[in-house]
Amino acid sequence: LILVTGSLYFAFTLYMMKRSRKGRTPIGKDVNLLRQPGESLRTKIEMIDEKLNDELLAGIAAPLGVAALPMIALGFVRVGSGIWIGLAAIAGGVAFSIAYRVRRTLQTVEERRNYQLGLMGERVVADSLDELKQKGFHVFHDLPAQGANDQFNLDHVAVGPTGLFL
């Protein structure tokens, strides 16, 4: 009963969280805003934050599930010398599950840190390029582009009287 209600709770909560993120923007679709420095990195950081939330929930739920299912099965087994083997298997499964979830969460945190560092670097460069506007340059940030194999972005483009600079 605890396993079923807990699973339903987590499933319903995740569904509602993903559903609530959708919404309409207060600005019309016909308005084209200039992209801000690090726009694509900010989007990736938001996706990683969602992934991190999922990892944290899975880190709570997975060890409980690993422990609960065998314990339910052991509840139907007669107590004897074989029960210690079952309990040891449960303990090993829980330890493995926790270690795996901690590893995945730390990898996600490290990935987020790297994108955050890149975003900070892009903002520093954008602030430095802002001085070029006084000299007649137009500065554009985070322009999406299509390569031969995949998409990429041009972090900064400066167009002015002396040429085009990437």
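Reader: Why is Thr 105 called buried?
Author: Its relative accessible area is 14%. Buried means under 20%, exposed over 50%, and partly exposed in between, with a 1.4 Å probe and protein chains only. At 14%, Thr 105 therefore counts as buried.

Reader: What kind of model is this?
Author: This is a predicted model, where local features need pLDDT of at least 70, side-chain atom pairs count only at pLDDT 80 or more, and totals for chains, interfaces and linings use all residues. Residues are numbered from 1 along each chain as its sequence is written, and side-chain values use heavy atoms, leaving out hydrogens and water.

Reader: How confident is the predictor, and where is confidence lowest and highest?
Author: pLDDT is the predictor's confidence in each residue, from 0 to 100. The mean for the protein is 81, and 80% of its residues reach 70 or more. H1 has the lowest confidence, at a mean of 70, and S3 the highest, at 93.

Reader: Where does Thr 105 lie, and which residues does Thr 105 touch?
Author: Thr 105 is in helix H3. Helices (H or I, at least four residues) and strands (E, at least two) are DSSP runs, numbered from the N terminus. Leaving aside residues up to four places away in sequence, Thr 105 touches Leu 52, Glu 55 and Leu 56. Contact means heavy atoms within 4.5 Å.

Reader: What makes the pair of Thr 105 and Arg 101 a polar contact?
Author: A polar atom of the Thr 105 side chain lies 2.8 Å from the backbone oxygen of Arg 101. A polar contact is a pair of N or O atoms within 3.5 Å; within protein, one must be able to donate a hydrogen and the other to accept it, and residues adjacent in sequence count only if both atoms are side-chain atoms. The 2.8 Å distance falls within 3.5 Å, so the pair meets the distance limit.

Reader: Why do Glu 55 and Arg 101 count as a salt bridge?
Author: Their side chains meet at 2.9 Å, N to O. A salt bridge is a side-chain nitrogen of Lys or Arg within 4 Å of a carboxyl oxygen of Asp or Glu. The pair therefore qualifies at 2.9 Å. Glu 55 lies in helix H2 and Arg 101 in helix H3, so parts 46 residues apart in sequence are tied together. Glu 55 is buried at 5%. Arg 101 is buried as well, at 17%. Salt bridges with shared partners join Glu 55, Arg 101 and Arg 104 into one network.

Reader: How many salt bridges does this rule give?
Author: The count comes to 7. One of them pairs Lys 51 with Glu 111, the closest N and O atoms being 3.6 Å apart. This pair links distant parts of the chain, with Lys 51 in helix H2 and Glu 111 in helix H3 (residues 82-129), 60 residues apart. Lys 51 is partly exposed at 36%, and Glu 111 is partly exposed at 29%.

Reader: What makes Glu 39 and Arg 42 about one helical turn apart?
Author: They are 3 residues apart in helix H2 (residues 39-75), which means a separation of about one helical turn. Glu 39 is partly exposed at 28%. Arg 42 is partly exposed at 30%.

Reader: Why is His 156 called buried?
Author: His 156, in strand S2, has a relative accessibility of 12%, so it counts as buried. A polar contact of 3.0 Å joins its side chain to that of His 141. His 156 also touches residues including Glu 122, Leu 129 and Phe 165.

Reader: What makes the phi of Asp 142 stand out?
Author: Phi of Asp 142 is near 55°, a positive value in a residue other than glycine. Most residues other than glycine have a negative phi. Asp 142 is in strand S1 and is buried, at 0%.
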